Amino acid sequence: MSKSVWLAGALILLPVLGVSDTWVKALVFWMVSSVIVTIYSVSMQLIRHHLSSHRLRMASVLLAATWISCGDLAVQVVALEMSADLSAYLLLLGVQCVLLEQAGFFQPGQGRLRFRLFVVFSLLLWAMTLSRVLIDSHFATFVPCGFILLGLLLAGWQAWTHRSKPY
């Protein structure tokens, strides 16, 4: 189950690349996505035992769409000009919630895994934002440069973790 959860969690890489060009967009997306995933998780836990498998899938999609719509409306209230930039990434977050639910990510007893994925998402988002702000170039705000920066960050992380492991 862990590999399917991490595969479904990899969908968050697109928003990390898209919203990491400014601090404000990254902060708003981080806050909204944290709230949406938390509310989605709680609402799925409340209904999970009352529905059959097929109805649970339908409820999962409906709840994800509902909470994403509420999050998008909240972003429109707070920062209307930013909502156009974040709407597509919030939709991807809804798809990710449904995929993670199907992979068993929100099942009871998966708290450690949820925390790890949240930490990885947060670290990637803030590392990408910091690197793009430090480069302070219009080139760094383009998504292809984001892919390059993300590749360098992931390679550095992998080198760091392999260095700390004794062979």
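Biologist: Leaving aside sequence neighbours within four places, which residues is F29 in contact with?

Modeller: Keep in mind that this is a predicted model. With those neighbours set aside, F29 is in contact with I12, P15, V19, L86, Y89, L90 and F121. Contact here takes heavy atoms within 4.5 Å.

Biologist: And what makes the largest nonpolar core a core?

Modeller: The term asks for buried nonpolar residues joined through side-chain atoms within 4.5 Å, and 21 residues make up the largest such set. F29, L86 and L90 have the most contacts inside this core. At least two core residues come from each of α2 (13-19), α3 (23-47), α4 (53-78), α5 (80-102) and α6 (111-135). The top contributor is α3, with 5 residues.

Biologist: Which residues does the second core include?

Modeller: That one is separate and has 12 residues, among them M44, A64, V98 and L117.

Biologist: L130 sits in helix α6. Why is L130 called partly exposed?

Modeller: Its relative accessible area is 40%. Buried would need under 20% and exposed over 50%, so at 40% L130 falls in between and counts as partly exposed. A patch residue needs over 30%, and the 40% of L130 clears that cut-off too.

Definitions and conventions:
Residues numbered from 1 in each chain as written. Predicted model: local features only at pLDDT ≥ 70, side-chain atom pairs only at ≥ 80, totals over all residues. Heavy atoms only, no water. Buried < 20%, exposed > 50% of the residue type's maximum accessible area, 1.4 Å probe, protein only. Helix = DSSP H or I, 4+ residues; strand = E, 2+ residues; numbered from the N terminus.
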